[in-house]
Amino acid sequence: MSAQEPPRPPPAAAEPPEPEPGGRYEAVVPHWFYCKVTDARERWVPFSAQDSERLEEAHGAGKDQGDVVVPTSGGRYDVHLRTRQRVAVYWEEEVSEVRRCTWFYKGDKDNKFIPYSESFSEELEEAYMIAVTLDEWKKKLESPNREVIILHNPKLMVHYHPVASSDDWVSTPTEQGRPRTVKRGVENIAVEIPSGEPLQIDHLVFVVHGIGPACDIRFRSIVQCVNDFRNVSLSMLQAHFKKAQEQQQVGRVEFLPVNWHSSLHSTGVDVDLERITLPSINRLRHFINDTILDVFFYNSSTYCQTIVDTVASEMNRLHQLFLQRNPQFKGGVSIAGHSLGSLILFDLLTNQKADPEEDEHRAQGSRTTSSMGGIEEVKEILKKLELSEYCDVFEKEKMDRQALFLCTETNLKEMGIPLGPRMKILHYLSSKTEMKVTAELWLHPQSPRNTSTETVSQTNLNIPLSQVSANYPQLNYKPTIFFAFGSPIGMFLTVRGVKRIDPNYSLPTCKGFFNIFHPFDPVAYRIEPMIVPDLEFEPMLLPHHKGRKRMHLELKEGLTRMSVDLKNNLLGSLRVAWQSFTRAPVPALEAGSTEAEAEAEAGTEKQPDTKPEEPPAAVKEETPLINVGRLNGGNRIDYVLQEKPIESFNEYLFALQGHLCYWQVESEDTVLLVLKEIYQTQGITLDQPLPGSQ
């Protein structure tokens, strides 16, 4: 009849009074909960076992002290014990109520257990202790709301809600309403208690949202979406970095949201828009004003400045606050952006100033690369002009491609090049001048506005890509990797007049850049074709987190391969049949017969020379090595997700979901790529390499 023994020993300072000697009473083990309000509905969520133990220790030790603050949820929330409040650290959020819970009753609507208040829980615990010690049950207690709780026995305790009002002579509350189950101790209710997050933080990632206040198809905020992203990352670490975790090489990656939408729309622009907005189709117009217009705001020099200032200052603030709260942190910082947020980050990164030492180092590396590869390019040019005999002359003069384009007729004459070859070389150089200007458009971008105005600073003339006129702030750190999800960067660069990104260009302070997109995302565009415009190739297929392609993709490729084989075999059989049908009659002479047989054999031998039809690109497993420049350190940039089986039925139906899929719980493939690339910079790899990964 005694209560079950709890899995953890009771705390040193127990609230209920001690039972009489020889009693069978055992103190309940409390667990801490916080109240989460969603759509005006309250839901009590348990703290992790790790956080609850910390809160209980602080509660027992800090009774006589002032307000004790305990960091929880990986340091993203602080709990103020005296006021029983849970406060967000890095972003603005409604304060949540916190309770030290021991007794629960089942709610009306969703059958979830709701904790009693701490004071009433103490009354229940005292009544339970007396009942167990004296073995006297059928105890009846009345809550402050005139709700009655009856303790029938340790396994049967019920809660009655009063139904209606009334006078004193009506039926008692115990006879009214549907009884509800009462449970003592968190171990007796159906609730999942997380174990907690690793204390060690290896890397910090700032996540910037796109247009509008909502980030996914369920209209959740950036904070909620990043919370899901973080939770998926913890499960991916346990699944794919188990060896590194056992060796204590891996802790976790912290993801923090960066919100700029609220700052933009708090400037008073919404009031101005409201005055000019038509009254018809009110909801649609309000949606457009709140979301789609963010794109136009960013292309306005006035509001672009507000946006980039907000994003940069917020990331700097979060970085400084994070270091204050985690002084032992020695890891790197990366940034990620979704949709328009990726474009904002890209523009910020292209305007960062590298250290002079790094600039010199990069320049030396560039000069070394160009001097080694440039001479070979000159040899190729001379070979194309049928002037290979002069290669030694150009090599002796250490003439690379850049020096060749600076040559004049006098220079060539001084090198001893005859008149005829001189004319060929000069004609080639003049014909390639226009192409050279186009290839270097990244250095001197076309701009429709008047560049002579003072608003465009001199540094903006040297930025790699054309942008809206703004003073781009500097970040307090150098990002390790930049991840773009569903990004329109390629489209915006093209609209700005950029035709090609120079292969030698890289972001000044960021070495890594990954462009990740869903195949049906209507907002996403590729980057690699702007670097290598003369070569057609597919983006890298993002490996499935379980180590294989999705079954419908494998089935599709298998059927394609089978149809190609059947087509080739059928065509070969028809060709043989047609040749045998149209073959000339065999002469009776023996010599003629020999010649006919020889012809037939020759025809049969020639038949295999017909090349079978090439399988489509999707069937080819091996991806050729492609040089996509220095934007991602020589590695591939474009990565495409694998669509789900149901999404392949109708591309248009799932287009919107394709743009918002990067935050969902099913975003394991995206999260795993982010973790893989982050830990690869630290020399830590997956337990088992995924097929098709770079």
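What share of the 694 residues in the protein is buried? I get 44%, taking buried as under 20% relative accessible area, exposed as over 50% and partly exposed as in between, with a 1.4 Å probe and protein chains only.

**Ground rules**

I am working on a predicted model, where local features need pLDDT of at least 70, side-chain atom pairs count only at pLDDT 80 or more, and totals for chains, interfaces and linings use all residues. I number residues from 1 along each chain as its sequence is written, and side-chain values use heavy atoms, with hydrogens and water left out.

**Overall**

I looked up the secondary structure and found 21 helices and 19 strands. These are DSSP runs numbered from the N terminus, H or I of at least four residues for helices and E of at least two for strands. For contacts I use heavy atoms within 4.5 Å. Among contacts in the protein with a separation of 6 or more, 70% join residues 24 or more positions apart.

**The cores**

I went to the largest nonpolar core next, which has 104 residues. A nonpolar core here is a set of buried Ala, Val, Leu, Ile, Met, Phe, Trp, Tyr and Cys residues joined through side-chain atoms within 4.5 Å. F206, M315 and F482 touch the most other members. Helix α9 (residues 301–325) gives the largest share of this core, nine residues. The core also takes at least three residues from each of domain 1 (31–163 + 176–184) and domain 2 (201–352 + 472–547 + 626–682); these bounds come from an automatic or database domain assignment.

I then listed the partners of M315, skipping residues up to four places away in sequence: F206, V208, V258, I335, L345, L348, L475 and Y477. There is a second, separate core of 18 residues, and I noted L382, Y390, C391 and Y428 among its members.

**α9 against α10**

How do α9 and helix α10 (residues 340–350) cross? Their axes come within 10 Å and cross at roughly 80 degrees. Axes are lines fitted to C-alpha atoms, for helices over the stretch in contact, and angles run from 0 to 180 degrees between N-to-C directions.

**α3 against α21**

I checked a second pair, α3 and helix α21 (residues 668–680), whose axes come within 9 Å and cross at roughly 65 degrees. That makes α3 roughly perpendicular to α21. From the α3 side, F229, V232, S233, M236, L237 and H240 make the contact, and from α21 it is E668, T670, V671, L672, V674, L675 and Y679.

Is S233 buried or exposed? S233 is buried, with a relative accessible area of 0%. Leaving aside neighbours within four places in sequence, S233 is in contact with V253, F255, V671 and L675.

Q238 is in helix α3 too, but I find it exposed, with a relative accessible area of 52%. Its C-alpha sits 9.9 Å from that of V250, 12 residues apart along the chain.

S221 is in the loop between β13 (201–208) and α3, and it is partly exposed at 28% relative accessible area. Not counting residues up to four places away in sequence, S221 touches P213 and C215.

**T72**

T72 lies in strand β3 (residues 69–72) and is buried, with a relative accessible area of 0%. Its contacts, not counting residues up to four places away in sequence, are F47, D51, L55, Y77 and V79. T72 and Q50 are 22 residues apart in sequence and 8.8 Å apart, C-alpha to C-alpha.

**Positive phi**

I noted two residues here. R84 is not a glycine, yet its phi is near 55 degrees. R84 is in the loop between β4 (77–80) and β5 (85–88) and is buried, with a relative accessible area of 18%. E386, also not a glycine, has a positive phi of about 60 degrees. E386 lies in the loop between α11 (356–384) and α12 (391–396) and is exposed, with a relative accessible area of 63%.

Note on methods. Angles under 35 degrees count as roughly parallel, over 145 as roughly antiparallel, 65 to 115 as roughly perpendicular and the rest as oblique.
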